[in-house]
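Here is a short tour to read alongside the coordinates. Have your viewer ready, and take the sections in any order you like.

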Amino acid sequence: MNRTLPAILLTAALTAGLAAGCSESPAEPGASTPAPSTPTGKTAVQFWHSLGGTNGDYINAMIKRFNESQDKVEVTGTFQGNYDEMVMKLQQAVAAKSGPDIAMLERAYVQMFADADVLEDLTGFMKKTKLSVDDFPQGLMGHSTFDKKLVSLPFNRSTPILHINKTMLDEKGLAIPQTWEELKKVANALVVKENGEIKRYGLSMPYDTWYPIAMITQAKGKFFNDNGTSIGFSNGEGAKVFKFLKEMQTTGALYYPPAQDSGNIVNQMFTSGKIGMMYQSTGVMGSVKTNAKFDYVTAYLPKDEVYANPTGGANIALLSGSPNKDAAWTFMNWAMTDPQGGLAFILDSGYLPFTKKMVESQAMKDLWAKDANRKIAYDQLQYAIDTNKHVTWPQVNQEFLKAIQAIMYDNKDVDSTLETFKKETERIVKN
């Protein structure tokens, strides 16, 4: 049964338009209707993405390499804003039947579009070009298959990781923490106070649901329960996480940044030596390495009961309404398999290698030999767990952010706040 996209992201008119758009039967894999041609005689393919700045330059360079590599397909890449902005624009375009051929979707939004039947099943295309799901690291495939349909493939993917000022740890004779208890000990040991004011903190992390979710899974909890009817950490894992964080916040071991621009704030504090460690994305390793004036290393997120971490970043998907499916797949397949495609983009950008051949390539081995931090980020994928898979995730995520605000900023009671969040989650998933 087709479902419309969640109301939090749609107006009533858009919902009606999308439902109408979803009623069309998608073409069989590989069967495309005649497509408009570019002035050069190539089939025109539209690719919407969310990469700006330097990463936008890298994706544009990749598209240019593809266009120059053959004379059949011409891809135009268009930046559509951040992940949330991209989702809104794509919803509107789908409703108006003016969507792109290929879209970049933050991995947690894929299910929402899959549930509305607007993403093409890639199984037939994969078979034609001899690609298999086994060609991709399992830790990156958690948001690719829904209702037995393969609807997206990993592309610009990342994971949270522990970034460390090893110079600071060495000065105190401290080892890199591997457990929560070790993390607390090291973070507290790094605190510097002058006249009752904290001048240096031990640990920080951006304001985001990513990091508490990682810690919940490390405590052997799940974000959603197995039935998708409620949260999966009502047995104390969530309270354990936030009480741990609040304890460190009280001593100065943890600096929890303002919500606005928190990622940049944490990054700047880390590179300037105002914090010794941070939970942050693998995607900032390049800029941190450039700006850090100390021995900079990375490590797995410390474990509680187990090692565990979510993944992030985006996948790419083929829209079922595209009239250019074969041409679009030609580009997607090239990005997955050609060394001048995704591999070159990954080497440039710092995102995780997303196929096993990339991992095994000499170029990747050479990079890892030069920069061990990049390899640690990939190796941590063996502990990847995606427990926020639910069609209502966008709405529930907003409620979880409210709970984080209440606890970390307003010092509200942890247990009662999480109980309120649980009730809100159950209300949302029932609708």
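## Confidence

This is a predicted model. Its mean pLDDT is 90, and 91% of the residues reach 70 or more. Over residues 6–37, however, the pLDDT is below 50. That stretch still has 60 contacts in the model beyond near neighbours in sequence. Where pLDDT is low, the predicted coordinates should not be read in detail.

## Helices α2 and α13

Now turn to helix α2, residues 53–69, and helix α13, residues 339–349. These two pack with their axes 9 Å apart, at an angle of about 160 degrees. Angles over 145 degrees count as roughly antiparallel, and α2 and α13 are therefore roughly antiparallel to each other. Their crossing is right-handed.

Which residues meet here? On the α2 side they are Asn 55, Tyr 58, Ile 59, Met 62 and Arg 65. Their partners in α13 are Gln 340, Gly 341, Gly 342, Ala 344, Phe 345, Asp 348 and Ser 349. By type, the residues of this contact divide into 5 nonpolar, 5 polar and 2 charged.

## Gly 142

Gly 142 sits in the loop between α5 (123–128) and β4 (145–146). Is Gly 142 buried or exposed? Its relative accessibility is 19%, and the cut-off for buried is under 20%, so Gly 142 counts as buried.

Leaving aside residues up to four places away in sequence, Gly 142 touches Asp 386 and Lys 389. For a sense of distance, Gly 142 and Ala 253 are 111 residues apart in sequence and 34 Å apart in space, C-alpha to C-alpha.

How values were computed. Residues numbered from 1 in each chain as written. Predicted model: local features only at pLDDT ≥ 70, side-chain atom pairs only at ≥ 80, totals over all residues. Heavy atoms only, no water. pLDDT = per-residue confidence, 0-100. Contact = heavy atoms within 4.5 Å. Axes fitted to C-alpha atoms, helices over the stretch in contact; angles between N-to-C directions. Helix = DSSP H or I, 4+ residues; strand = E, 2+ residues; numbered from the N terminus. Parallel < 35°, antiparallel > 145°, perpendicular 65-115°, else oblique. Left-handed = near helix turned anticlockwise from the far one by under 90°. Nonpolar A, V, L, I, M, F, W, Y, C, P; charged D, E, K, R; others polar. Buried < 20%, exposed > 50% of the residue type's maximum accessible area, 1.4 Å probe, protein only.
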